[in-house]
Amino acid sequence: MSQGLVISDLTLEFAHGRGRAAAVDRCSLMVRSKEILGLVGESGSGKSLTALACLGLTPSNCRASGSVRVNGDEIVGAFEATLTNLRGRRIAMIFQNPMTALNPYFTIGNQMVGVIRQHFPIDRSEAKQEAAAALKQAGLTDVVLNRYPHQMSGGQLQRAMIAMAIACKPEVLIADEPTTALDVTVQARILSLLRSLADQGMGILLITHDLGVVAQVADRVAVMYSGRIIESGDLNQVFSATAHPYSLGLMEASPMMGMGRRKLRAIPGVVPDFRSRPAGCAFRDRCAQAQDVCALGVVPQTEIAAEHQVRCHFPIRESQGAELK
């Protein structure tokens with residue numbers, strides 16, 4: 001299985017006072033071809049910013065360091081011409097808000113045809129056929145080709161955004177909350193489509209707040225908190241042998257099929273602002289088992305099992321996470 005997307009020590013910094021503060025801090029992830037990696041965490045954890053960095057779309061006042069490679073091609077520091085050739089064809093993204101991602105002055109067809117012809121030497125008629133095929137995959141008819149974004153519902157716009165992202169058959173697909181505006185029936189169809197695309201060879205980074213969605217389609221899961229990956233591993237390992245207190249908190253706060261009747265528990269507090277992130281473990285002020293050592297500068301990474309790592313001084317014992325099985 002090839003390495004589709006490899007993120008190594010990615011740091012995204014913004015000016016703050018007389019120095020700089022890292023919104024994403026030494027993030028490392030890998031999305032192989034033929035698999036779906038679910039990236040979860042509360043709002044403000046840095047998930048969407050990490051996704052934008054994978055396409056070289058970070059804000060102009062953001063300084064990026066580290067490495068983001070798409071099947072060997074470096075994104076960080078690449079020239080705009082290189083990024084233009086990579087975006088859409090090698091790596092594509094389903095943006096979280098299609099209303100702002102789509103151009104209101106052009107029809108859906110014009111926008112999709114433009115993307116397709118950017119990467120393939122075909123005429124407009126052939127590109128229109130490819131666009132119609134992608135729309136059909138996303139559950140829309142070719143009537144949508146002649147519509148402007150304001151003429152469509154939120155759910156239709158979301159599916160059009162998905163169709164545009166998969167139209168050029170990218171090697172890596174980043175899906176940022178791809179099912180937020182969809183009803184449960186359409187959501188199930190889109191998740192089935194993502195699973196099918198992965199099975200055909202695509203590597204997919206699925207960003208979501210919904211652990212139930214991750215449980216349905218993901219192969220592996222990574223938990224992000226305050227710009228850092230704090231736990232990652234095989235889906236079954238992370239869900240059944242949860243090792244980080246924050247990961248366990250997310251699960252206890254999320255209703256999921258198969259968990260039976262249980263009381264949902266909220267995690268106290270909020271994700272800290274990256275400009276005032278506490279030293280040591282950023283979760284320690286919200287963690288019931290935090291101790292003095294958690295305030296130290298370095299949080300060790302522990303390997304719980306093969307490909308299951310956690311950054312925590314006091315990983316949860318397997319017996320504590322077993323109740324979520």
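Which residue in β5 is the bridge partner of Val70? The close-up views below start with that pairing, and a short note on the model comes before them.

This is a predicted model, in which local features need pLDDT of at least 70 and side-chain atom pairs count only at pLDDT 80 or more, while totals for chains, interfaces and linings use all residues. Residues are numbered from 1 along each chain as its sequence is written, and side-chain values use heavy atoms, with hydrogens and water left out.

**View 1**
The bridge partner of Val70 in β5 is Asp73. Strand β4 (residues 62-70) and β5 run antiparallel and are joined by 2 bridges. Together with two further strands they belong to an open sheet of 4 strands, in the order β2-β1-β4-β5, with antiparallel pairing. β2 and β5 (73-74) stand at the edges with a single partner strand each, so one side of each has no neighbour in the sheet. Here strands (E, at least two residues) and helices (H or I, at least four) are DSSP runs numbered from the N terminus, and two strands pair if DSSP finds at least two bridges between them.

Look for Arg90 in the loop between α2 (80-86) and β6 (91-94). Its side chain makes a polar contact with the side chain of Asp73 at 2.5 Å, and the Arg90 side chain also makes one with the side chain of Glu171 at 2.8 Å. A polar contact is a pair of N or O atoms within 3.5 Å; within protein, one must be able to donate a hydrogen and the other to accept it, and residues adjacent in sequence count only if both atoms are side-chain atoms. Leaving aside neighbours within four places in sequence, Arg90 is in contact (heavy atoms within 4.5 Å) with Val70, Asn71, Asp73, Asn85, Pro170, Glu171 and Val172.

How many of the 5 residues of β3 are buried? The count is 5 of the 5, so β3 is largely enclosed by the rest of the structure. Buried means under 20% relative accessible area, exposed means over 50%, and partly exposed lies in between (1.4 Å probe, protein chains only). Ile36, Gly38 and Val40 point one way from β3, while Leu37 and Leu39 point the other way. β3 runs parallel to strand β8 (residues 203-207), joined to it by 4 bridges, and Gly38 has Leu206 as its bridge partner there. Another 4 bridges join β3 to β9, again in parallel, with Leu37 standing opposite Arg220.

**View 1. Two nonpolar cores.**
A nonpolar core is a set of buried Ala, Val, Leu, Ile, Met, Phe, Trp, Tyr and Cys residues joined through side-chain atoms within 4.5 Å. The largest one has 64 residues, and those with the most contacts inside it are Ile36, Met112, Leu173, Leu194, Leu197, Ile204 and Tyr246. Helix α6 (residues 154-166) gives the most to this core, with 8 residues. Not counting residues up to four places away in sequence, Leu173 touches several residues, among them Ala92, Ile94, Ile166, Leu194, Leu197 and Ile204. A second, separate core of 33 residues includes Leu10, Leu37, Cys62 and Ile207.

Rings of Phe, Tyr and Trp (its six-membered ring) pair if their centres lie within 6.5 Å; planes under 30 degrees apart count as stacked, over 60 as edge-to-face and the rest as tilted. By this rule the count comes to 4 aromatic pairs. One of them is the tilted pair of Tyr225 and Tyr246, at 4.5 Å centre to centre and 55 degrees between the planes. Tyr225 lies in strand β9 (residues 220-225) and Tyr246 in helix α10 (residues 245-252), so this pair ties together parts that are 21 residues apart in sequence. Tyr225 is buried at 2% relative accessible area, and Tyr246 is buried at 0%. The rings of Tyr225 and Phe283 have centres 5.3 Å apart and planes at 85 degrees, so that pair is edge-to-face. Ring pairs link Tyr225, Tyr246 and Phe283 into a cluster.

Arg26 is not a glycine, yet its phi is positive at about 50 degrees. Arg26 belongs to strand β2 (residues 19-32) and is exposed at 54% relative accessibility. Lys34, also not a glycine, has a positive phi of about 65 degrees. Lys34 sits in the loop between β2 and β3 (36-40) and is partly exposed at 48% relative accessibility.
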